[in-house]
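Here is a short briefing on one protein chain. Please keep the sequence and the 3D view open while you read.

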Amino acid sequence: MASTSDVARCLAGTLNSDPNTRMSAELKLAELLKTPEAGLALAQLASSQDLDIALRQMSGARTGLEIILLRKYVTERWSPYFGTFKGSAAPVEVKAQIRKAVFQGLSDPNRKIRSLCALTLSTIADCDWPDEYPELLDSLITLISSNSPESVHGAMQMFTEFIKSDLTEDQILPVLRQLLPVLLNILGAAEQHSPLTRSRTISVFRQCVTALFMVKDQHPQAVKEATASVLPVWLDAFKVLLSIDPQQDIVGKDTWDGLAIRIQVFKTLDTVHTSFPRALTPYLQDLLNVSLYHLRVLLPTFDHYYLSSDNAVPNSSEDEAIDLAQLVCPLLDFVNSATRGGKAKGWFEQGNLGELVHLMFGWMQMTSDDEENWSSNANAFVAQEDDETQVYGVRVSGFEVFATLMDRMPVQTTATFQSVVQQVVADSRRAKESGSSNWWRPLEAVLAAVGSQAEAVLDCIEDEEASDRPRPIDIEALLTDVVPSILNLSEYPFLQGRGFVFASQYAKLLPSHLAGQYLDAAIQVIEAQDAGIPIKISAVKAVQNFCQGMDNTVLAPFAPRIASDLGPFLLMTSEDTLSLVLDTVSVVLDVDGGKWLSQELAGSLTTATLDVWSKNIKDPLFISLLSEILSSLSGSDTPGIYEVVVRHALPVLAPAMGSAKPEESWIAESAVELTTGLVQGAPDSGLGEGFFATLAPNLFACLKTTEDRDVLQNGTACLTLIIRKDVGQLLVWSDAEGRSGLENVLTLIAKLLENQDESGGLFIGDLIIHLLRRAGDAVLPVLPEMLRAMVGRMSTAKTASFIQSLVIPFCFLINNQRDTVLSLLESTQIQGRSGLDIFIQTWCENAETFQGFWPNRVSSLAMSQLYLSERPSLQNLMVKGDIIVKPETNNVIMTRSRTRNMPTEFTSVPFPAKVIKLLLKDLQSGGEAATINVPDVESDDGDEDWEEEEKQNQGFKEDEFAFLSDMLGPRGMAFDNDDILEDNDDEDLRNDPVSQMDMQQHLITFFRDCAGRNTNDFQGMAKHLSEGEMQVLRKVIGA
C-alpha cells in the first residue's frame, strides 16, 4: 500500500542531483503508481499547501513539461474509458476522494497548481461526468460565484474545457441559465479579477454561443428566447470594453494581459456573427468603427515592437504568450465575416474602405522575426508563400479580407487599391530618401496584398473594359515604373523577390517584349551563384507563375534553359522547397507540349526524378508530383522522347515493385504510381515494344502477394490504363507458367472480390468496364463466372464506392446485352436468393449515391432498358421505396443513438415504379424540372439583405448563375458531374456515346412513350409516386 509519505519521499528522490538516487526513486515511484492509493497520495500532495512548492508541482509533474504524474495516473489507472488504460482501476470511494482533493486544488493560492488541477479534473470529467460525478457542474458554478479570485481563476480554467467537450444538447440550456449571469459578473469585476480570468469568461461564453447554435434545430424556441435575452447584454458589454482605448493595456505595462480580453471579444464577435448574425446587426456599425480604431491606434505599437528586432514584446503573467497578432487576426476575421454577410455595405459606403485598406497594408508588413526566419529557412519561406500551406497570421487574415472585398465590391476595392498603392509607393520613396532602414516593408506588403488578389483584379479589369468603363487600377504602371527598379535591389531580397512574384502574378498584362525581359531576369536569379534564399525561391515561384500566365510563344525559347536550371534543384532541396521546384518543373514541361525537349535533357530530368523518388519514397505528395512529371516527360510531342524516358525509368521502377517486401508496401505503391505516370504519357500508337513484358512479371507478382490497399488500388489503376492504352500487349503476354495476361487480371479481380477490405477494390469497376470495352471477345468465355462472383459479392458489400464498382459493369452490359445478362442473373442462386434479386435490390438502394458523369448516365440508361423489357421477373420484384416519415422523427436530426432506437423505415414498391422514381429524380437534377418553384422557408441566418442581383438569381451573382445554368443546360449535365468537367478524366468514357448523348431529351422521350403506350402498366405505377414526383411527371409528359 502506497502512503502519502512514501510517494512524497519518492518524489523528493526524483529531484536529487545524484543520478543513482534519482533513478532508484523513479523506479520505485513507477511501482507505487500501480496502486490506487498512489493516485490519492498524488492528489493530496498536489492540493496540500503545507509542502514545498517544487515538491507539490512534482506530485503532478515529474519534469514540469510533459509527464503529468497525476493525470498520467488517471489516464492509465482510472477507467477503460481511456485508451491508455493499464488495469487496476481505483475503487469508487478512492476516486471520490481523488476528485475532491483535485477540486480543492482549483482554489490553491499558487497559479500553476490551479492550472494543473484544472487540467487533471477536466480529464477526469471526460470519463466520469455526469454519471459518476453529477455534482461537478453545481460545484463549479458555486466556485465561480465565490468572491475568491483564486477560486474563480481555477474554475474558469476548468470551464474552458468543460463546456467545449462535455455538455450534451439537453444539458446546455439549463446550464447556461445558471452560468452566464455569473460569468458576466466576473467580466465586469475588473478590480477583483485579473484580465486573464476575465478573458476566460468570454471564452466560455463563446463556447456557449457555439453550443446554442448546435441545438437550435432541436430547441428552436428555447434558443430563440435565450439569444434574445442573453446576446444583447453581452454585446453591450463588448461594446463598452472595446470603447476603452486599447493603448491603456499596453503603454507603461509590464505585461499585455489586458489584450487578452479584446482578443476573446473579437473571437466571440466572429462566432456570434456566424451563428446568430441577426442579433449582431444593431451593433455592427459601432463594432466596425471600433475595429478600425483598434487597427489605427495600435499600428505604431506594431511598428515599434515587431518591425525592429531591438524591442522585445512584454511577456504574459501566465504561460500563454500574448501579442498583437493574436488580437488583429480575430479582429480581421470579424471584419471579414461582417463583410461577407453583406450588412457592412453601408459602413464601407461611409468612406471607411480606404482607411481600412491602408491600415491593413500597414499591419501586413513583414516583421523582423519573419525576416530572420525566412532568410535562413527556405521551407518556412515557401510555406508562407504557398496558398495551401500558409501559416495563419495577420498577413493571411488580411488576404482573406481582401478576397471578400473583391468578391463583394470588386470595382470599389480595386480602385481603392489604386489610390492607396500610389500613396504607399510615394511614402516608401520618401522614407528611403530619408534613410529609413524599413522603407521597403510597406512596399513589399502592398505588392504581396495586391498580388494575392491578382485573379480577382484581372477579372475586374476585364469586366470593366468589356462594359466600356475605365480600368479601376493601372497595374501596367506598376509593372513598368515601380517593379523594374526593385528587381536589382539585392540588399533588400524580400522586396526584390516580391517584385518578381508580383510581375508573374500579372503576367497576362505584360506586353511580349517586357514579359520576356522579366522571365529572363528571373532565370538569371535562379542561375546566380550568390543569390540568397528569399530571392532564389521568389524567382522560382515567379517562373512557375510566368509559365502558367504567359503565351507559349514567349515561354518556349526559355523552356529548355529553365528545365536545365531547375534539374539540379531537384537534388538539393527538400520539403516545401522541393515541392515548389517539382511544381515548377511540372508546369515548365507543359509549355508547348514539351516539343522543346531534347533526348539528353529528358533523360537527365528522368534520372533526377527517380533520384528524388528514392529519397522521398514515403511522401505521397511528392510521389503524386513525380508521377505528373514522368507523365509530362513521356507525353512530350517530340519524337523519341517517350522511348528515352521509358528506357531510363521502367528498368528502375519494375524491379522495385517486384522485389519490395510486404512490410515495405510504400516502395511498391510509389513504383506502381510512377509507372502509371509513364503509361499516361504513352502515345496513341501504344506502349512500345517490350513495355508490358518488362513490367508484367513484377507487377503481377506484387499484386499477387500484397494485401496493402494502396498497392492494390494503384495496381488496379495502372492495369486499367494499360488496357486502355495497349490491350494487345496484355493479351499476347504470358508468364513463366504459361498463364496469359488476361488470366492474371482475372486472378486480381477475384482477389479484390474476395477481400473483405473493400478500399483496395474501389477501382475494380473501371478495370472491368475497360476490359469489357477493349477485350470483350477475349473475356466472353469467363464472363459468366466473373459476373456470378460479382453479384455474390454484392450481398456482403458495404461501402458505396465499392458497390458502385460492382453494379456499373452490369449496367454497361445491360445496355449492350440486356436479355443475356438478365437470363444469367435469373439462373444464378446465391444462398437461397436469385442473382437478379440481389442485383436489383443493391442497385436500387445505391443508385442515388453513384458518383461520376458516365456511371450515372449508364445506370440511368440501363434502368430505362430494364423497364422497357417488361420482363415478368422484374415486374413482380418489390424493392425499397421512400422513407416513412414519423411524427416523432419529423424535423429532428437523427443521431446514431436515435437511429438505433428509432430505425428508419421504408415503403415497398414494385421495381418498375422505383425505376420511374429514380429516372424522374435524374431528370430533375439534370435541369429540365429544376425550374419547379420551391416555396421560400423563413431563415434566421441574417442573410436576407442580399444584393438585388443575388436575389434575382437565387442567391448567386449573374455570372455565377449563368455558369450553373450552363451546367444544367440542354446537354442535361447535373452540377455534380465533375467527371465531365475535368481535363484529366478518363478520355475513353468522355468520348463514349453515352457521354455525348442528350440525356435530358432521352428521358423525356422515354417518359412520354411509356405514358402514351402504358408500357409496364405505367399509369398503374403512378400511384406509387409522391405528389412532388407527380408534379414533375405531369410537366414532362405535358399532361
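In which handedness of crossing does helix 15 pass helix 17? Helix 15 passes helix 17 in a left-handed crossing. Keep in mind that this is a predicted model.

**The chain as a whole**

- The chain holds 54 helices and four strands.
- It has 1039 residues, and 53% of them are buried.
- Take the contacts between residues at least 6 apart in sequence: 74% of these join residues at least 24 apart.

**How helix pairs are described**

- Two packed helices are described by the angle between their axes and the distance between the axes.

**Helix 15 with helix 17**

- Helix 15 covers residues 284-306, and helix 17 covers residues 345-363.
- Their axes come within 10 Å and cross at roughly 25°.
- Angles under 35 degrees count as roughly parallel, so helix 15 and helix 17 are roughly parallel to each other.
- On the helix 15 side, the contact uses Q285, L288, N289, L292, L295, R296, L298, L299 and F302.
- These meet G346, W347, Q350, N352, E355, L356, L359, G362 and W363 in helix 17.
- By class, the contact of helix 15 with helix 17 has 10 nonpolar, six polar and two charged residues.

**Helix 16 with helix 20**

- Helix 16 spans residues 324-341, and helix 20 spans residues 394-408.
- The two axes come within 9 Å, with a crossing angle of roughly 10°.
- That angle makes helix 16 roughly parallel to helix 20.
- The crossing of helix 16 past helix 20 is left-handed.
- Helix 16 brings A325, V328, C329, L332, D333, N336, T339 and R340 to the contact.
- Helix 20 brings V394, S397, G398, E400, V401, T404, L405 and R408.
- The residues in the contact of helix 16 with helix 20 divide into seven nonpolar, five polar and four charged.

**Helix 41 with helix 42**

- Helix 41 takes in residues 800-827, and helix 42 takes in residues 835-846.
- Their axes come within 11 Å and cross at roughly 140°.
- Roughly antiparallel would need an angle over 145 degrees, so helix 41 and helix 42 are oblique to each other.
- Helix 41 passes helix 42 in a left-handed crossing.
- From helix 41, the contact is made by I803, V807, F810, C811, I814, L822, L825 and E826.
- From helix 42, the contact is made by G835, L836, F839, T842, W843 and N846.
- The contact of helix 41 with helix 42 divides into 10 nonpolar residues, three polar and one charged.

**Two threonines in helices**

- T413 sits in helix 21, residues 410-433.
- Is T413 buried or exposed? Buried means under 20% relative accessible area. T413 has 0%, so T413 is buried.
- Leaving aside residues up to four places away in sequence, T413 touches L353, L405 and M406.
- T480 is found in helix 24, residues 475-486.
- T480 is partly exposed, with a relative accessible area of 44%.
- T480 and L510 are 30 residues apart in sequence. Their C-alpha atoms are 9.1 Å apart in space.

**Backbone points to check**

- Most residues other than glycine have a negative phi, and most peptide bonds are trans.
- Which peptide bond is cis, with omega near 5°? The bond from W129 to P130 is cis.
- P130 lies in the loop between helix 7 (111-128) and helix 8 (136-144).
- D592 is not a glycine, yet its phi is positive, at about 55°.
- D592 belongs to the loop between helix 30 (575-589) and helix 31 (599-615).
- The relative accessible area of D592 is 27%, so D592 is partly exposed.
- E870 is another residue other than glycine with a positive phi, near 50°.
- The loop that holds E870 runs between helix 43 (853-869) and helix 44 (872-875).
- E870 is partly exposed, with a relative accessible area of 38%.

Note on methods:
Residues numbered from 1 in each chain as written. Predicted model: local features only at pLDDT ≥ 70, side-chain atom pairs only at ≥ 80, totals over all residues. Heavy atoms only, no water. Buried < 20%, exposed > 50% of the residue type's maximum accessible area, 1.4 Å probe, protein only. Contact = heavy atoms within 4.5 Å. Axes fitted to C-alpha atoms, helices over the stretch in contact; angles between N-to-C directions. Parallel < 35°, antiparallel > 145°, perpendicular 65-115°, else oblique. Left-handed = near helix turned anticlockwise from the far one by under 90°. Nonpolar A, V, L, I, M, F, W, Y, C, P; charged D, E, K, R; others polar.
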